[in-house]
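Please read what follows with the chain displayed alongside, moving from the sheet to the cores and then to a few local features.

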Amino acid sequence: MNLERRRLLATAALLPVASAVRATGEDYPDKPVRLVVPFPPGGGADNLARAIMPKVSHALGRPIIIDNKPGAGGNVGAELVAGAPPDGYTLLYGTNGTHSINQALYRNLRFDPIKDFTPVSRMTEIAAMLVVNPQLPVLTTTQLIRYAKANPGKVNFASAGNGTTSHLSGELFRTMAGIDIVHIPYRGGAAALADLVSGQVQMMIDVMPNVYPLAKDGRIRGIAVSTAVRFPGAPELPTISESGVAGFESSAWDGVLAPAGTPEPVVAKLNAAIRIALADPELVETLKSRGARPVAGTPQEFAQHIVESTRKWAAVVKASGARID
C-alpha cells in the first residue's frame, strides 16, 4: 500500500477527532505523544532528543515517548511518520539528513520531505569541527589549505560514510578552499575517528560531540569550528570562515515535524512547548556541553530553513557524486 493511500485511510478514521482539534486545539494532548527518532539508541541524535524531550514534555503536560526507528539514513522512521495520522500524536525528530541531504542522495526516497510534513520547530544547531591528526604539520585552516595545495592529492579526509554530514562537509571544504583532498569513507564515525587518531587518515570535519573530547585530550588537533560564528562551547577556536574559507558554514540541525495536515492549533501548542523547553538555562548548558545550541523558532521559520538547507546540500551532493539506491 503506497504512502498516500495509507495516510488517507488513517486520516479518514480520525476525521471527527481531527475536526474537533482543528477548531480549538483545547483537548490536545489528552494522551502520551510519540516522537520517532529515526536513528539508533545511544547515538548523537538519540542523546540530544532524550536531553530535550523531558523539558518539552513538562511544558506540554503529557509524556513524550521516544521510539527509535533506525534505518536507511533516517528514511525508515521518516517514512513511518509521513504516513501517520495528522493528529499530533506521532512526531518526527528530523535532521538535515532526513530533510535536506537524503532527498538528493537516495534515488528512491519514498516520502517527500517538504509535502509530507508540517514543520513544528527547529530545535538545535549542532556545531562541527575541522580536526587533523597531530602529525600533520598545520595549526590553522590557512596552513592546512597551503599544505594541501603544495601536496595535491596527498591529503585525505575521513567520513562516517558516503553522503553523511562529515562526508559532505569535507566536500564543501574541498570545493570552497580550492584544494585536492581525497575522501576516505568509513562504516560509521567511530572507525573513522579511530584511524584519525592513529594517523591512518589526516583530517575530518565532524560534529563536536564526537571530536571535541578527543581534541581536548590532545589525541587529535582541533583547528576551527564549522559554524557561521564562534561556538560558545569552544570559544578558543576560530570559525573556518574567518580563518581561510570565507562564507563556509556547515552544521547539523534537528527539529520536530508532524505529518502533513496536522491542525494548526496542535502545531502551535507543540511549538510553544519546544520554545519554553529550549529557554531553560539548565538545558541550554547541557546542550552547550554537547556541541549544540538552541535555535527554536516559528514553524514558518523552520519551513524556510528546510528549503534553504535542501538547496545548499543538494548542490554539495551533486558535486560529490554520491548516490545511494
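In this predicted model, strands E1 and E2 pair in the parallel sense, and five bridges connect them. One of the residue pairs that can be located here is Arg34, whose bridge partner in E2 is Ile65. The two strands belong to an open sheet of six strands with mixed pairing, in which the order is E2-E1-E3-E10-E4-E11. The edges of this sheet are formed by E2 and by strand E11, residues 292–294, each of which pairs on one side only. From one strand to the next, the twist averages 30 degrees.

Towards the other end of that order, the pairing of E4 can be followed on both of its sides. E4 and E10 run antiparallel and are joined by eight bridges, with Thr124 standing opposite Asp254 in E10. E4 also pairs with E11, again in the antiparallel sense, over three bridges, and there the bridge partner of Ile126 is Ala292 of E11. How much of E4 is covered? Of its 10 residues, 10 are buried, so that the strand counts as mostly covered.

Helices pack against this sheet. H3 lies across E1, E2, E3, E4, E10 and E11, and its direction makes an angle of about 160 degrees with E2. Helix H12, residues 299–320, lies across E4 and E10 and runs at about 75 degrees to E4.

Which residues have the most contacts inside the largest nonpolar core? That core has 34 residues, and the ones in question are Leu35, Ile52, Met53, Val56, Tyr93, Met123 and Val256. Two or more residues each come from strands E1 (33–37), E2 (64–68), E3 (90–95), E4 (117–126) and E10 (252–259), and likewise from helices H3 (44–60), H10 (264–277) and H11 (281–289). H3 gives the most to this core, with seven residues.

Helix H5, residues 96–105, is mostly covered, with nine of its 10 residues buried. The buried residues of H5 are Asn96, Gly97, Thr98, His99, Ser100, Ile101, Asn102, Ala104 and Leu105. What covers them includes helix H4 (75–82), strands E3, E4 and E10, and helices H7 and H12. Thr95, which is found in strand E3, counts as buried because its relative accessibility is 9%, under the cut-off of 20%.

Among the side chains, the structure holds four aromatic pairs. In one of them, the rings of Phe173 and Phe248 have their centres 6.1 Å apart and their planes at 80 degrees, and the pair is therefore edge-to-face. This pair links distant parts of the chain, for Phe173 is in helix H7 (residues 165–177) while Phe248 is in the loop between strand E9 (221–225) and E10, 75 residues apart. Phe173 and Phe248 are both buried. Another ring, that of Tyr89, has Lys31 over its face, at 4.6 Å from the ring centre.

Finally, two features of the backbone deserve attention. Most residues other than glycine have a negative phi, and most peptide bonds are trans. The peptide bond from Tyr28 to Pro29, however, is cis, with omega near -10 degrees, and Pro29 is found in the loop between helix H2 (15–24) and E1. Ala72, in the loop between E2 and H4, has a positive phi, near 55 degrees, although Ala72 is a residue other than glycine. Is Ala72 buried or partly exposed? Its relative accessibility is 41%, which means that Ala72 counts as partly exposed.

Note on methods. Residues are numbered from 1 along each chain as its sequence is written. This is a predicted model: local features need pLDDT of at least 70, side-chain atom pairs count only at pLDDT 80 or more; totals for chains, interfaces and linings use all residues. Side-chain values use heavy atoms; hydrogens and water are left out. A nonpolar core is a set of buried Ala, Val, Leu, Ile, Met, Phe, Trp, Tyr and Cys residues joined through side-chain atoms within 4.5 Å. Buried means under 20% relative accessible area, exposed over 50%, partly exposed in between (1.4 Å probe, protein chains only). Helices (H or I, at least four residues) and strands (E, at least two) are DSSP runs, numbered from the N terminus. Two strands pair if DSSP finds at least two bridges between them. Axes are lines fitted to C-alpha atoms, for helices over the stretch in contact, and angles run from 0 to 180 degrees between N-to-C directions. Contact means heavy atoms within 4.5 Å. Rings of Phe, Tyr and Trp (its six-membered ring) pair if their centres lie within 6.5 Å; planes under 30 degrees apart count as stacked, over 60 as edge-to-face and the rest as tilted. A charge sits over a ring if NZ of Lys or CZ of Arg is within 6 Å of the ring centre and within 35 degrees of the ring normal.
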